[in-house]
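Please keep the structure in view while reading.

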Amino acid sequence: MKDNIWFKNLMIFFKDKYLYILNLFTGKKDYYIEKYQKLYGFGDYSFEVDNEIASNKKKFQLVILVMIIGFICVMLIDYMPVSSIKTSSSGNIISVERPKNDGIKVIPVEVKSISKKGTIIFDDNLKIRNNLTNKNRIYTNIKPKKSYREEVIEEIRSDVESANNSNDKNNVLLPTTLKNGEKISFGIKKEKNLIYVVVLAVLVLFIFYKNRYNEITKREREAAYSVNKVLPQFINKIILLLNTGLVFSTSFHKVVATNDITGNDVKDYFTKEIKKIDDRVQKNNAILHKELLDFAKRTQNQEFIRIAGIIADSVERGSDIVSKLEIENRNLWFQRKKSIEERGYIAQSKMIGPLVLLLLVLVIITIAPAMIEI
């Protein structure tokens, strides 16, 4: 009974931690709602927020699944015994099966030599050959002897080469002692692939965490771009209608009603929000200039906020609106031109990397034949 209670408590603990991590990587619902209300005004956005969180949840679960599969594959590669290698109970290599074809089998090993002078440990590669390949080959050391360690390493490699030249057609029996009686052992070198996988997994999780609000951030960027792009055209059309003698509210409704804010039928962010304001004004008797001012504050576009302030001041105090809007509109077109130029410079700078890479490839292709001949 106590074991069941303990198990249930443990499962509840893990479930709570899993939900906490899941919420951490999929994003907070309150944050999403706040961003949606900032973009589109007050309203119920539970459906849109739940969809974004569900999408992030699926992506996160997919990432975790891929990581688990990666961990399992690395564990199998690094720690599964190799059938062609015979080891002792302590994990030392006794013999290695020769390759079936006329090739060379390379096995990374950690070699250990124990003597009265101390223990020598070094990493090496065992090169096991088919007994018919280079039968009479002997090991020679092209480097001069400089120390006792180098002498031991050279003798071990020489003994391994002698074992390679043995008459055993199937296996190579590795030496266990040197001529002077020193004990040697060969252990399978464990690759550190698991460390790299862990580092990669942490990096992927960090990137996923930093980009969990990527969709709503993308919406904000598109909204800001839409305001900068469409606002000058919208104000320009309003000014043309005001110059014909119409009041601002009538001019606003005519521009929206003709569906010609941008000159086409594209429903971008600014156009959609302006149409929503028009609907609220006509159906719910909302106050036009207050709706525009609220929209401008939500976009945080300073030029738009100034224009909305000018419109509100004209409606409430009867001040001149056309001349002020013309001044602001000239400034808007200047800012739009400046923004387009900046985007062009950014596009040019992004092309530098691929061009440099292409240049390096051309250089390598050009000098490669000459380097091979040398």
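Strand β3 (residues 104-115) pairs with β6 in the antiparallel sense, over 6 bridges. Two strands count as paired if DSSP finds at least two bridges between them; strands (E, at least two residues) and helices (H or I, at least four) are DSSP runs numbered from the N terminus. The model is predicted, so local features need pLDDT of at least 70 and side-chain atom pairs count only at pLDDT 80 or more, while totals for chains, interfaces and linings use all residues. Residues are numbered from 1 along each chain as its sequence is written, and side-chain values use heavy atoms, leaving out hydrogens and water.

**The open sheet**

- The open sheet has 3 strands in the order β4-β3-β6, with antiparallel pairing.
- Because β4 (118-129) and β6 (183-188) stand at the edges with a single partner strand each, one side of each is left without a neighbour in the sheet.
- From one strand to the next, the twist averages 30°; axes are lines fitted to C-alpha atoms, for helices over the stretch in contact, and angles run from 0 to 180 degrees between N-to-C directions.
- Helix α4 (residues 148-164) packs on the sheet and touches β3, β4 and β6, where contact means heavy atoms within 4.5 Å.
- The direction of α4 makes about 30° with that of β4.

**The other paired strands**

- Strands β1 (residues 85-87) and β2 (residues 93-97) run antiparallel and are joined by 3 bridges.
- I85 stands opposite V96 in β2.
- The hairpin of β1 and β2 has 5 residues between the strands, and G91 takes a positive phi near 95° there.
- Strand β2 is also joined by 3 bridges to β5 (residues 171-173), and these two run antiparallel.
- S95 stands opposite L173 in β5.

**The nonpolar cores**

- A nonpolar core is a set of buried Ala, Val, Leu, Ile, Met, Phe, Trp, Tyr and Cys residues joined through side-chain atoms within 4.5 Å; buried means under 20% relative accessible area (1.4 Å probe, protein chains only).
- The largest nonpolar core has 41 residues, of which L231, F234, F248, F252, F270 and I274 touch the most other members.
- Helix α6 (214-242) is among the helices that each supply at least two residues of this core, and α6 gives the most, with 10 residues.
- Leaving aside neighbours within four places in sequence, F252 is in contact with F234, I238, I274, I277, D278, L288 and L292.
- Another core, of 20 residues, lies apart from the largest one and includes I85, I107, V109 and V111.

Note on methods
Buried < 20%, exposed > 50% of the residue type's maximum accessible area, 1.4 Å probe, protein only.
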